[in-house]
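Dear colleague,

Please find the structure below, handed over for your records. My findings follow directly after it.

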Amino acid sequence: MPNKQKLYFVPMSVSGIVYYERLISYLKDRYDVGFLLMGHNSAPLTQMVDRCRERNLPFYHIALGPKRSNGFRVPVLSPLKKMLAHKKQCQQFLATIRPQKLIFDKIKKPYSVVAHEANRLGVETIRLQWSFLGTLENSLTRQKIAAPHPARAYYRAIQFLYNAAEFFRGEKLTINRSLMVTPKKMGVINAEAIEVLLRDFDSK
């Protein structure tokens, strides 16, 4: 019997794991199903890890550390170091597990890095819509609150140095941390959602 493909769900919370568990019985004949758990050291991450252990579900854990460090922190350099370390963790996951499919609840920070790396390696990335987005008119007119100019300049400086570090390491330029990564496939609840969701992605 040929080896089954590896399919990993990337949930945002324990409720996602509970939901995806219902699908395992339908998938297990074709896939080795697992979970990629990612988050800061907090109760939601602990709940996801505990759920997988209690239910004997295969999982891979990428810890992002505490949201705010209490130690010595150098502006620009400290977050840059953290970003590079996170990318290395994502690359290690893909090299170790070698999944063929990754299914995301969301493809934005912090999940955007592993999605970007997976796309680069030819892994099939899939974004599932979890709930209705409201009316199209309301979704299209929803205003985004822009960050203050000093904050935008600060994060752009970090992004510039991050891309420079990637360039000198021989890596392709990565995504902007503020943007979502375009998945290779999307699963939507209704046709109206397609127009709304595609505003965040490159439709090509």
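The structure, a predicted model, holds five aromatic pairs, where rings of Phe, Tyr and Trp (its six-membered ring) pair if their centres lie within 6.5 Å, and planes under 30 degrees apart count as stacked, over 60 as edge-to-face and the rest as tilted. One of them is the tilted pair of phenylalanine 9 and phenylalanine 35, with 5.8 Å centre to centre and 35 degrees between the planes. This pair links distant parts of the chain, 26 residues apart: phenylalanine 9 lies in strand S1 (residues 5-10) and phenylalanine 35 in strand S2 (residues 31-39). Phenylalanine 9 is buried at 1% relative accessibility, and phenylalanine 35 is buried at 0%; buried means under 20% relative accessible area, exposed over 50% and partly exposed in between (1.4 Å probe, protein chains only).

Tyrosine 19 and tyrosine 20 form an edge-to-face pair, 5.7 Å centre to centre with 70 degrees between the planes. Tyrosine 19 is partly exposed at 38% relative accessibility, whereas tyrosine 20 is buried at 0%. Ring pairs join Phe9, Tyr19, Tyr20 and Phe35 into a cluster.

As for the whole chain, it has seven helices and six strands; helices (H or I, at least four residues) and strands (E, at least two) are DSSP runs, numbered from the N terminus. Of its 204 residues, 36% are buried.

Residues are numbered from 1 along each chain as its sequence is written, and side-chain values use heavy atoms, leaving out hydrogens and water. In this predicted model, local features need pLDDT of at least 70 and side-chain atom pairs count only at pLDDT 80 or more, while totals for chains, interfaces and linings use all residues.

With kind regards
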